[in-house]
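Me: I have a model open and want to go through it piece by piece. Can you take my questions as they come?

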Amino acid sequence: MDKFLIQGGTALRGEIAVSGAKNASLALLAATLLNSGINTISNTPRLNDVSTMLKLLAQLGCGYTFTNNIVTIDSVSVDNQFAPYELVKKMRASIYVLGPLLARYGYAKVSLPGGCAWGPRPVNLHIEGLRKMGAELTVENGYIIAKTKRLQAAKLNFDISSVGATGNLLMASVLASGTTVINNAAMEPEITNLALYLQNMGAKISGIGTPILEIEGVDELHPADIETIPDRIEAGTILIAAAITKGTVTLQNVPEKHLHSIVAKLQDAGADVKTTSSSITIDAANCSLTPQNIITSPFPGFPTDMQAQWIALMSVTKGTTTVTDSIYLDRFSHVPELNRLGADIMIKENNAIIRGVKKLTGAKVMSTDLRASASLVLAGLAAEGETEVLRVYHLDRGYESLEKKLSSLGANITRVAGTEY
Ligand code: UD1
């Protein structure tokens with residue numbers, strides 16, 4: 001297992017282009033199962049989660065190439081509808097193949113994802129939605145087994161906003177008979193990217209980008225091309241890297257509208273952040289930040305995927321901050337590790353209460369999940385002395401060469417390949 005060695009204390013400076021979004025990419029790749037032909041998806045990030053999705057598509061019979069961040073998927077030769085536990089356990093987003101397989105082939109056997117590092121993550125909305133669309137669904141030996149002659153349109157009213165359930169049921173409904181309505185649909189930019197891709201394939205969808213999606217099912221979709229949107233979580237993580245090191249960084253290829261809640265919080269905290277339609281510049285060189293409470297919520301609210309990074313920043317911000325995660329109530333495994341670096345953070349229910357300290361000091365810390373790892377890297381960049389972040393395979397699931405990007409901005413960070421950890 002690899003680790004990162006970080007010598008903290010260098011202000012980041014420079015300009016960087018943001019990679020394609022992991023969460024968009026996984027949905028776009030799964031959507032290629034809805035047609036028969038060659039699909040091209042550009043700006044695909046090279047990440048372990050993307051490799052897992054490509055392996056899953058290959059297991060279903062797809063051919064693919066992946067060159068220079070361009071993936072081509074040949075969905076002509078899909079010859080089975082089985083998503084095995086061995087792949088699904090590596091990545092919960094594998095559940096995205098359920099809707100497309102069922103819609104196109106009338107059958108799917110997909111391993112039920114288990115819990116995750118920060119507690120239960122149910123897929124009841126996916127299952128209930130498909131049942132409402134007429135599918136016969138059972139859970140046997142850890143697998144969801146779904147069958148249908150043809151999915152039927154339905155009115156799907158989500159009690160809570162779910163990115164995964166919206167994506168899965170959107171992909172299921174594009175080939176269903178009749179007009180499906182999804183109420184309280186997730187409005188995340190990754191869902192909009194998916195909906196636009198489905199439109200490119202010939203799907204009839206209205207209300208894209210709003211909480212009410214109307215999908216008029218068609219008999220067949222054709223192969224199509226799409227560009228993956230930039231990764232707003234990677235962008236937000238690098239903005240915080242600049243803020244926590246008192247640096248000045250420009251991000252290229254990133255629309256501010258996808259990061260509005262993060263940019264606004266950084267501005268409220270006192271950072272100088274300027275935006276154009278496709279770039280964001282943060283100058284934190286001469287500012288002293290003030291605590292800003294956050295409550296995570298669905299888009300356009302502050303993303304749960306940026307909660308751990310925000311806590312890292314607030315841990316060295318004078319004053320007391322409360323960070324509440326309303327989406328994943330237990331997503332705080334980074335907190336004890338940040339405290340090992342000298343942070344002063346307490347957890348009360350789904351709140352982290354952070355008392356800003358003057359400085360963090362380097363230590364060995366352990367990654368526990370993807371975004372928790374990112375927060376440890378950020379803290380290491382600010383800490384005095386050397387920080388070792390162990391088990392960075394969590395980070396590799398969702399960040400494309402983060403250490404190289406940070407190095408190019410002047411950070412002293414190196415990857416050490418090893419087996420010891
Ligand atoms: C997606 C993102 C993940 C992000 C999360 C929330 C991908 C691949 N992953 O995950 O990075 O942290 O959105 O923004 O895009 N829920 C249910 N029943 C369901 C489905 C969800 O109760 O059937 C709950 C979840 O427990 C959670 C909330 O709904 O509390 C939102 O989860 P959801 O948006 O579905 O997360 P994912 O799609 O799994």
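Reply: One term before we start: a helix here is a DSSP run of H or I of at least four residues, and helices are numbered from the N terminus. By that rule, Q307 lies in helix α10, residues 307-314. Keep in mind that this is a predicted model.

Me: OK, Q307 then. Is Q307 buried or exposed?

Reply: Q307 is buried, because its relative accessible area is 0%, and the cut-off for buried is under 20%.

Me: What does the side chain of Q307 reach on the backbone?

Reply: The backbone oxygen of R331, at 2.9 Å. The side chain of Q307 also makes a polar contact with the side chain of H334, again listed at 2.9 Å.

Me: And which residues does Q307 touch, leaving out those up to four places away in sequence?

Reply: I294, T296, F302, V323, D325, R331, F332 and H334.

Me: Switching to the ligand. How many residues surround it, and which are the closest?

Reply: There are 18 residues around the ligand, and the closest are N124, L125, S162, V163 and D305. By class, that shell has 8 nonpolar, 7 polar and 3 charged residues.

Me: Which helices supply at least two residues of the shell?

Reply: α5 (124-132) and α6 (163-173). The most comes from α5, with 3 residues.

Me: Which polar side-chain atoms lie by an oxygen atom of the ligand?

Reply: D305 has one at 2.6 Å from a ligand oxygen, and Y328 has one at 2.9 Å from a ligand oxygen. From the backbone, an N or O atom of G164 lies 2.7 Å from an oxygen atom of the ligand. The protein covers 83% of the 740 Å² of accessible area that the ligand has on its own.

Me: Back to α6. How many of its residues are buried?

Reply: In α6, 10 of the 11 residues are buried, so this helix is largely enclosed by the rest of the structure. The buried ones are G164, A165, T166, G167, N168, L169, L170, M171, A172 and S173.

Me: What caps the N-terminal end of α6?

Reply: S162 does: a side-chain oxygen of S162 lies 2.9 Å from the backbone nitrogen of A165.

Me: Now the nonpolar packing. In the largest core, which residues touch the most other members?

Reply: L34, V97 and L198, out of 70 residues in that core. Helix α1, residues 22-31, gives the most to this core, with 6 residues. In soluble globular proteins, nonpolar side chains tend to be buried together.

Me: Last one, R104. Where is it, and how does it count for accessibility?

Reply: R104 is found in helix α4, residues 98-105. R104 counts as partly exposed because its relative accessibility is 26%, between the limits of 20% and 50%.

Me: What does R104 touch?

Reply: Not counting residues up to four places away in sequence, R104 touches L33, L34, N35, S36, S75 and L175. A polar atom of the R104 side chain lies 3.2 Å from the backbone oxygen of L33.

Me: And what separates R104 from D330?

Reply: Their C-alpha atoms are separated by 37 Å, and the two residues are 226 residues apart along the chain.

Definitions and conventions
Residues are numbered from 1 along each chain as its sequence is written. This is a predicted model: local features need pLDDT of at least 70, side-chain atom pairs count only at pLDDT 80 or more; totals for chains, interfaces and linings use all residues. Side-chain values use heavy atoms; hydrogens and water are left out. A residue is near a molecule or strand if one of its heavy atoms lies within 4 Å of it. A polar contact is a pair of N or O atoms within 3.5 Å; within protein, one must be able to donate a hydrogen and the other to accept it, and residues adjacent in sequence count only if both atoms are side-chain atoms. Accessible areas come from the Shrake-Rupley method with a 1.4 Å probe; for residues, only the protein chains shown count as cover. Ala, Val, Leu, Ile, Met, Phe, Trp, Tyr, Cys and Pro count as nonpolar, Asp, Glu, Lys and Arg as charged, and the others, Gly among them, as polar. A nonpolar core is a set of buried Ala, Val, Leu, Ile, Met, Phe, Trp, Tyr and Cys residues joined through side-chain atoms within 4.5 Å. Buried means under 20% relative accessible area, exposed over 50%, partly exposed in between (1.4 Å probe, protein chains only). Contact means heavy atoms within 4.5 Å.
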